[in-house]
Each structure stands twice: as C-alpha cells, then as structure tokens.
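Thanks for making time this morning. I would like to walk you through a few packing details, so please have the structure open while I talk.

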Amino acid sequence: MNWHHIISADQFDCDSIKELFELARNIKKNPGLFHKDLADKVMFELFYQASTRTRFSFDLAMKKLGGRVIGTENARIFSSATKGETLEDTILTITVGLEADIIVLRYDKVGGAKRASQITETPIINAGDGPGEHPTQALLDLFTIQEELGRLNDFTIAMIGDPYHSRTIHSLARLLTLYKNVEIILVSPDEIGLDDETKKYLHERGLKFSHSKNLGKTLKKVDVAYMTRIQEEYFHNPEIYKKVFGQYVLSSKLIPSNLKLIMHPLPRKGEILFEVDKDPRAAYFRQVNYGLYIRMALLKLISDKV
Amino acid sequence: MNWHHIISADQFDCDSIKELFELARNIKKNPGLFHKDLADKVMFELFYQASTRTRFSFDLAMKKLGGRVIGTENARIFSSATKGETLEDTILTITVGLEADIIVLRYDKVGGAKRASQITETPIINAGDGPGEHPTQALLDLFTIQEELGRLNDFTIAMIGDPYHSRTIHSLARLLTLYKNVEIILVSPDEIGLDDETKKYLHERGLKFSHSKNLGKTLKKVDVAYMTRIQEEYFHNPEIYKKVFGQYVLSSKLIPSNLKLIMHPLPRKGEILFEVDKDPRAAYFRQVNYGLYIRMALLKLISDKV
Amino acid sequence: MNWHHIISADQFDCDSIKELFELARNIKKNPGLFHKDLADKVMFELFYQASTRTRFSFDLAMKKLGGRVIGTENARIFSSATKGETLEDTILTITVGLEADIIVLRYDKVGGAKRASQITETPIINAGDGPGEHPTQALLDLFTIQEELGRLNDFTIAMIGDPYHSRTIHSLARLLTLYKNVEIILVSPDEIGLDDETKKYLHERGLKFSHSKNLGKTLKKVDVAYMTRIQEEYFHNPEIYKKVFGQYVLSSKLIPSNLKLIMHPLPRKGEILFEVDKDPRAAYFRQVNYGLYIRMALLKLISDKV
C-alpha cells in the first residue's frame with residue numbers, strides 16, 4: 001500500500017495494517033525514540049465539523065513526534081468559507097501557499113477528503129466526511145481488538161446501536177472482511193439496521209453476518225461488544241428517534257462471562273451505564289489511547305514517504 | 001499541603017503559600033533556569049466558559065516551562081459536549097486516552113473541578129467553576145499584595161463593587177483569614193453585600209470585617225483598594241442591575257495619600273476611570289503578570305510531585 | 001524606517017521595502033538558517049474578525065522562526081470583550097501582564113491597530129482594521145510583482161472588481177506611488193469605482209490612473225491583472241450588490257498574450273474561473289507563499305530592533 005492520502009478504510013490490506021500496528025506498538029513502547037521524527041514538519045488541521053476527541057488526538061500525535069500543528073477548531077464558522085471559498089481553494093492556499101506537509105481534514109459532507117486529495121500531492125488524512133468514512137477510527141478499533149483480544153481472525157463481534165448511521169460500524173465491518181472466520185451480529189431496532197451498501201460489501205467478500213433484536217442473548221454468543229450511540233443528528237423524523245433511542249443499554253448484569261471486550265467509539269449517550277466502566281473488559285477509554293499511537297504511526301509512515 | 005488537584009482556596013495554608021510565592025519570585029528573577037522543566041509534559045485546557053485572560057495566562061505559563069498545550073477555546077460549543085457527553089467522560093478520554101499530565105478546567109457550573117478530581121489521578125486545576133471558586137486568581141491577588149505592599153499581615157483592605165457575586169472577593173477573603181491583623185471593609189449597594197456563607201467563614205475564623213456605603217471615607221482608612229465589576233450576567237432582575245451599576249467609580253481625585261495599592265481582577269467596566277492607570281499605585285495590569293508567575297510556580301510544583 | 005509598529009502602507013519607503021524583500025528572499029532560500037531566530041519570543045494573535053488565511057500565515061511565520069504563538073480565533077466572541085472590556089485594556093493585559101513580544105491584531109473597526117500602538121511599546125502589526133488598512137497584504141502583493149514580473153518600475157496594472165471597498169487595492173495603489181512610471185487602470189461598475197481619498201492620494205503623488213468598464217480591452221494594455229472580490233459585507237443596499245456582482249469574470253479566453261501576471265488577494269467568489277488556475281501566469285496561490293516569507297522577514301526585522 002501507498003502511505004499517502006488516507007481517504008477510506010477500503011484502501012488497506014493485511015500487510016499494510018500489520019506494518020502500521022507494529023510501528024504503533026513500537027512507538028507506544030519507546031515513545032522517546034520518535035520524539036523528533038517529524039521536527040520541522042507542519043500539520044494543518046481543518047475541521048469543518050466540531051470534534052474535540054479526534055482533533056486533540058491528531059494534535060497530540062503530531063506534537064509527540066516533534067511536529068508543528070496549525071489549525072482551526074471550526075473551519076466552517078471561522079474561515080473564509082463564510083465568504084464563499086471552495087474547499088479546493090482552501091486546500092491550495094494551505095498547500096501551495098503555506099507549504100503544509102500533512103492536512104487532517106474533517107468535512108461536513110461525504111467526499112470532502114477525496115476532493116481534497118485530487119488537487120494536491122500533500123497527504124490528506126480523512127478525519128471524517130459527514131456520514132461517509134472515518135478510516136483512522138476504523139484502524140484504531142481494529143488495533144484495539146488485536147491488542148486486547150490478541151487476534152484478528154477467529155472471533156465473533158456484536159455491533160450494537162445504530163448500524164444504519166454509524167460510519168465507524170461501516171468502516172470497521174469493511175476492514176474485518178480482510179480477516180478469516182470473523183462473524184458479525186448486528187443488534188438494533190429494525191428502523192436502523194445495517195445499510196444495503198455495507199451489507200452488499202460484506203456479502204461479496206463472504207463475511208458472515210446476521211441481525212438480532214435481543215441484546216442479552218447475542219452477548220452470550222460473542223467475544224466482542226461494539227456499542228454505538230443512536231445518532232440523533234441524522235434522524236429527519238424525531239418520532240422515529242424517540243422510538244429507537246434507549247432500547248439497548250449495557251448494564252453490568254447484562255455482561256456474560258464469555259464476553260472478552262467492550263468497545264465504543266465515544267461519545268456515549270446512556271447506552272453504556274457508568275457502572276460498566278469498572279469492568280476490566282470495558283476498553284473504550286483505552287481505545288482512545290490506541291488511537292493516539294495509531295495516528296502517530298500513520299503520521300510517521302506518511303512523512304517517511306514524502 | 002499536597003500539590004496535586006487545585007480545587008479551592010481553602011486547601012492552602014501559610015506554609016504552602018510561602019513555598020509557592022518563593023518559587024514564583026525565583027522564576028520571575030531567573031526564567032531561563034526553568035524553561036525546560038516541563039518539557040514533554042502535556043497540559044490540556046478545557047474551557048466550558050470563555051476566558052481570554054486566564055486561558056492565555058496558563059497557556060503562556062506552560063509554554064515558558066517548555067511544556068505543550070492542547071486545548072479548546074469553548075468546550076461547550078465545540079466539543080462532543082454538544083452530543084451529550086458528560087464532563088466525566090471527557091476527563092477520562094483526556095486522561096486515560098490522551099495521557100494528559102495536567103488539566104486546566106473552567107466549567108460553567110459550581111463543582112466541575114471537584115467532580116473531575118474525583119475520577120482521575122491526573123492533577124486538575126480549577127480555572128473557575130461558574131460562580132464557585134477560582135483559586136489561582138485568589139493566589140495571584142495575594143501574591144500581588146505581598147509583592148506590592150510588602151506584607152500579608154497587619155493591613156486593611158477595601159473590597160468594592162459586587163461582594164455578593166464576585167468569586168474573587170470570596171476566595172481572597174478566605175485566604176486572608178490565614179494572616180494576622182487583617183481587616184476588610186466591604187463597599188457596595190445593600191443589594192449585593194457579602195453573601196452569608198463567606199460572612200460565616202470569616203466570622204468563624206475571627207477575621208474582622210464591616211460594611212460601608214461611602215467609598216471616599218473608606219478609602220481614607222485602608223491600605224489596599226480591591227475594585228470589582230458588577231457582574232451583570234448573574235442578575236436575574238435587570239432593574240436591580242440598573243440600580244446598582246455605576247454607584248462606585250474610582251477617579252484620581254478620590255484616591256487619598258494613605259492608599260498604597262489599587263487592585264482589580266479585570267475586566268473592568270467603568271468602575272476605575274482610565275485616568276487612574278497612570279497612578280503608580282494602580283497595580284491591576286501588573287497583577288496579571290504576578291498571575292503568570294504564580295501559575296508557572298504552580299505547574300512546576302504539581303509536576304514535580306507527579 | 002523604524003521597524004516597530006506596522007500600522008499602514010504609508011509608513012514604508014523604497015529603502016525599507018528593499019531591505020524587507022531582500023531578507024524575505026534570503027529566508028525563502030535558506031529557511032534553516034533562521035529557524036531559531038525568534039526562539040523564546042511570544043507572539044499574540046488577537047483576531048476580532050475571522051481570518052483563516054492571514055492568521056495561519058502569521059502563525060506559521062512565527063513558528064518557522066522558532067517563536068511561540070498564543071492567540072484566539074475570534075477575540076470578539078471568545079474574549080472578555082463580551083464583558084465590555086476596551087481594546088486598550090486587552091492590549092495592556094497582554095503587554096504589561098503577559099509580556100507579549102509582538103501583537104498581531106485584526107480589529108473590526110478602522111483605527112484599531114493605531115489605537116493599540118498608542119498605548120504600548122510592544123510592536124503592533126495591523127492585520128486588518130475593518131475597511132481600513134492591511135499593510136502586510138500590500139507588501140506581499142508588491143513582493144509578488146517584484147518576484148514574478150521582475151520589476152517595480154515601468155509597468156501597467158489593471159485593478160479589477162471592487163476598487164471602492166477593497167482595502168488591498170487602496171494599500172497596494174498607495175505603495176505603487178513610490179515607484180516610477182507605473183500606471184493603474186481600474187475596472188469596475190460605476191457604483192464601486194475608486195474612492196475619492198485614494199484618488200486624491202495618487203493624484204498628489206503623480207501616479208497615472210484611469211477607469212475603464214471594458215475588461216477585455218483593458219487586459220490587452222496591461223502587464224498585471226489584480227482581481228478582487230465584490231465585498232458583499234460592505235453593501236448596505238442588496239439591490240446594488242446584485243447589480244454589480246458577476247460583471248467582470250476572468251476566463252482563459254479573456255487572457256491575452258501580453259498579460260504577464262494574474263493576482264488575487266483571495267478568497268475568490270467566482271470572479272476568476274477555476275480553469276484559469278492552470279495558467280502559469282496565475283499567481284494567486286503563490287502569492288500566499290510570498291506572504292509567508294514577507295511575514296517571516298517582518299517578524300525578524302521587528303524583533304531584531306526590540
């Protein structure tokens with residue numbers, strides 16, 4: 001794989017993921033060895049949608065490698081975007097004009113990162129394009145499974161909550177097709193079951209998946225529970241949101257002994273009770289930490305190639 | 001005292017204040033000796049309420065010690081808070097996930113910093129919790145008195161403006177109970193006299209205080225004038241605000257020769273005329289500078305303990 | 001010239017511009033020689049109006065010189081300005097209190113930078129004061145002409161779009177009076193022709209200028225085309241804006257062979273078609289890059305004097 005633009009989970013194969021994970025593990029073990037690797041490099045953060053978690057994570061990753069960060073918390077409100085500038089002009093300003101070495105872009109519409117990557121040689125990292133993709137989240141989810149479960153083949157995962165809108169479910173499910181003997185059970189109300197495009201993708205690649213409406217029964221059959229928030233912002237009809245919200249809530253007593261790992265891309269909104277945090281299998285805050293090292297490794301691999 | 005979480009002015013005693021002030025003085029004299037002391041440490045700034053002055057001060061303090069700063073100008077608007085995340089989850093994300101070394105938190109409700117300190121070992125510094133406390137402001141106020149007046153015992157201070165709402169008056173008054181022979185005269189309209197809780201605190205510790213409605217007469221009896229802004233944002237009834245606003249304004253001709261020091265936590269809104277700025281006793285901008293060194297000393301003491 | 005406060009294009013003469021350009025050229029050639037020149041200096045960015053391009057450019061310029069940057073994206077919304085603080089108090093807080101070495105100020109009213117410069121010795125750089133001036137933009141425009149056209153004397157320039165509201169046209173036109181045998185042709189609808197003040201300034205200094213309404217004919221007579229956006233935000237009457245918007249649009253087929261350089265201060269809003277970007281004479285993104293080095297040179301010249 002070409003470590004250049006990072007636009008979609010689809011661009012990764014097993015070898016490139018292995019290379020990334022090894023480097024991430026290495027950096028986590030010996031961060032001091034890497035703290036000047038990106039000295040004098042400048043990363044621009046362009047966030048057209050608010051995101052503290054992802055922005056902080058990239059920001060810290062770059063600084064821990066000795067690099068510099070320039071950015072804006074909300075490109076939509078605080079940029080010349082308000083004067084009508086296109087994304088393309090903003091990207092050319094930053095690349096040609098300000099000599100950006102890497103751009104981390106969160107855009108509010110599908111395809112933003114791809115559009116940016118088509119007009120510049122400067123590496124673009126997609127940090128989310130509306131309901132589209134968020135590939136670094138999928139990679140950190142996968143890395144969490146590898147590190148906490150100890151394997152990426154031969155396991156069963158429940159994906160719970162909002163499989164229809166969750167871009168992290170879409171992207172992680174796609175990455176899982178690269179591995180052997182993985183099975184997905186989707187748990188959600190009928191209204192927000194997995195979308196047809198992802199279903200087709202999984203089907204074509206032979207990944208076994210099924211639907212269930214019973215959380216308790218499903219958890220007894222899986223190794224990993226991947227919880228997601230019902231994403232209110234994408235519901236056009238508030239009545240449907242009201243109906244589906246709060247149907248699946250993970251409490252301590254629901255967690256069976258066979259379950260080995262509880263994940264969530266965060267933020268949560270009630271779907272995991274706070275009491276669960278004390279369970280050693282609850283990995284959602286550690287997941288953020290795996291993300292930090294995945295992003296450090298990614299920034300380094302991209303920079304080494306430029 | 002334990003240099004760890006900094007939540008309330010109440011946690012300080014004379015010895016710890018002396019230790020802090022000596023270090024602050026030392027850093028101010030030889031800043032070059034300390035410019036790498038916090039290298040590789042990362043401070044997160046979480047501001048749920050706007051504050052240029054305090055944020056800039058902590059930001060600069062950390063950078064002058066060689067440390068890194070990651071933060072958001074308005075955590076309420078630009079964070080996953082808008083998706084309904086609790087303060088606790090945000091704190092765990094930053095500590096467990098992003099390995100924060102120190103968190104500076106301004107929250108918009110009383111008790112925010114305390115809640116944060118209860119779920120993490122990472123030091124939390126309270127940079128204001130709504131109308132609650134703002135301990136580093138109280139410490140820098142006290143440091144200003146020490147450096148400009150030359151003593152913390154045996155003096156009289158007028159606290160003027162809005163003793164009811166001003167968290168800096170509340171916190172500074174509490175700190176003054178640690179010293180001997182200090183007397184406070186509060187000058188304000190009846191509607192916004194000192195609150196009962198602070199009165200009780202001072203009374204129990206034997207600090208002598210009284211009320212006056214005459215600014216000119218009071219100034220003739222004190223060493224220090226501590227002016228405050230009438231805090232419009234806390235008045236439910238705009239009629240009362242209109243009535244009390246503008247009653248006490250400090251002009252050059254009101255300043256008697258016995259007065260040795262004029263302070264204000266800033267921003268001001270007309271209660272000190274600009275003509276007063278030229279008076280060498282007007283210390284409110286120098287006060288900001290004392291704050292910078294107090295915060296550097298605090299960050300260093302906390303980091304040395306971790 | 002005194003390299004201290006940078007308030008207006010009028011304060012520059014040919015010698016100081018030559019000194020600035022030589023240093024900018026030098027830094028661009030050997031950036032590594034300058035990467036610690038401003039180590040330990042702190043630049044404060046105070047932006048009362050949004051501006052990604054200018055803020056990023058100063059931010060990067062300072063960091064490439066090894067300096068530190070502290071700032072706010074929108075001082076009007078996120079500062080104590082909301083509590084009613086004057087610009088003067090904010091400036092004194094940052095200079096006396098926070099020991100700023102340089103302040104970059106974008107203010108939303110004419111005269112902001114001048115007011116700031118009158119109360120402090122700390123160098124103030126005007127990064128735009130409403131419809132007033134934006135001197136570093138004028139300098140980078142001039143530097144672009146020097147570097148791309150190869151001369152500052154003996155050329156003809158068309159200034160197209162909104163000569164009435166464009167502060168970059170006002171400032172660049174003023175700077176051009178310093179050079180010999182320069183001619184300006186203004187192309188715009190009658191409603192937004194050049195303002196009387198700038199006309200008077202040019203007239204008094206003997207710079208030849210004329211008006212035209214025909215873009216095609218004018219381009220055949222000039223060396224440089226300087227396009228500008230019609231600035232909707234300054235039109236009180238939306239009917240007039242509708243009438244004048246979109247009258248002059250630069251397409252590839254309109255560009256004659258005699259034209260040597262196409263400039264735009266950006267952002268654009270349709271007045272240059274995207275197809276023009278491929279033309280090697282289209283310099284508007286390179287213009288941003290010249291700006292980066294002009295600002296680095298400026299920060300260095302100012303700092304060397306302090």
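Predicted model: local features only at pLDDT ≥ 70, side-chain atom pairs only at ≥ 80, totals over all residues.

In chain C, Leu20(C), Leu23(C), Ala24(C), Ile27(C) and Lys28(C) of helix α1 meet Tyr293(C), Ile294(C), Met296(C), Ala297(C), Leu298(C), Lys300(C) and Leu301(C) of helix α11, where two residues are in contact if their C-beta atoms, placed from the backbone, lie within 7 Å. By class, this contact of α1(C) with α11(C) has 10 nonpolar, no polar and two charged residues; here Ala, Val, Leu, Ile, Met, Phe, Trp, Tyr, Cys and Pro count as nonpolar, Asp, Glu, Lys and Arg as charged, and the others, Gly among them, as polar.

Residues are numbered from 1 along each chain as its sequence is written, and chains are lettered from A and ligands numbered from 1 in the order in which they are written. Helices (H or I, at least four residues) and strands (E, at least two) are DSSP runs, numbered from the N terminus.

Helix α1(C), residues 14-29, packs against α11(C) at an angle of about 115°, with the axes 8 Å apart; axes are lines fitted to C-alpha atoms, for helices over the stretch in contact, and angles run from 0 to 180 degrees between N-to-C directions. The two helices, α1(C) and α11(C), are therefore roughly perpendicular to each other, given that angles under 35 degrees count as roughly parallel, over 145 as roughly antiparallel, 65 to 115 as roughly perpendicular and the rest as oblique.

What does α11(C) meet in chain A? Residues Phe285(C), Arg286(C), Val288(C), Asn289(C) and Leu292(C) of α11(C) meet Leu92(A), Thr93(A), Val96(A) and Gly97(A) of α4(A), and the residues of this contact divide into five nonpolar, three polar and one charged. The axes of α4(A), residues 87-97, and α11(C), residues 284-305, come within 8 Å and cross at roughly 50°, which makes α4(A) oblique to α11(C).

Finally, consider Leu186(C), which lies in strand β6 of chain C, residues 182-187. Leu186(C) is buried (20 or more other C-beta atoms within 10 Å of its own; 12 or fewer is exposed, and in between is partly exposed), because 25 other C-beta atoms lie within 10 Å. Leaving aside neighbours within four places in sequence, Leu186(C) is in contact with Met159(C), Pro163(C), Gly193(C), Leu194(C), Phe209(C) and His211(C).
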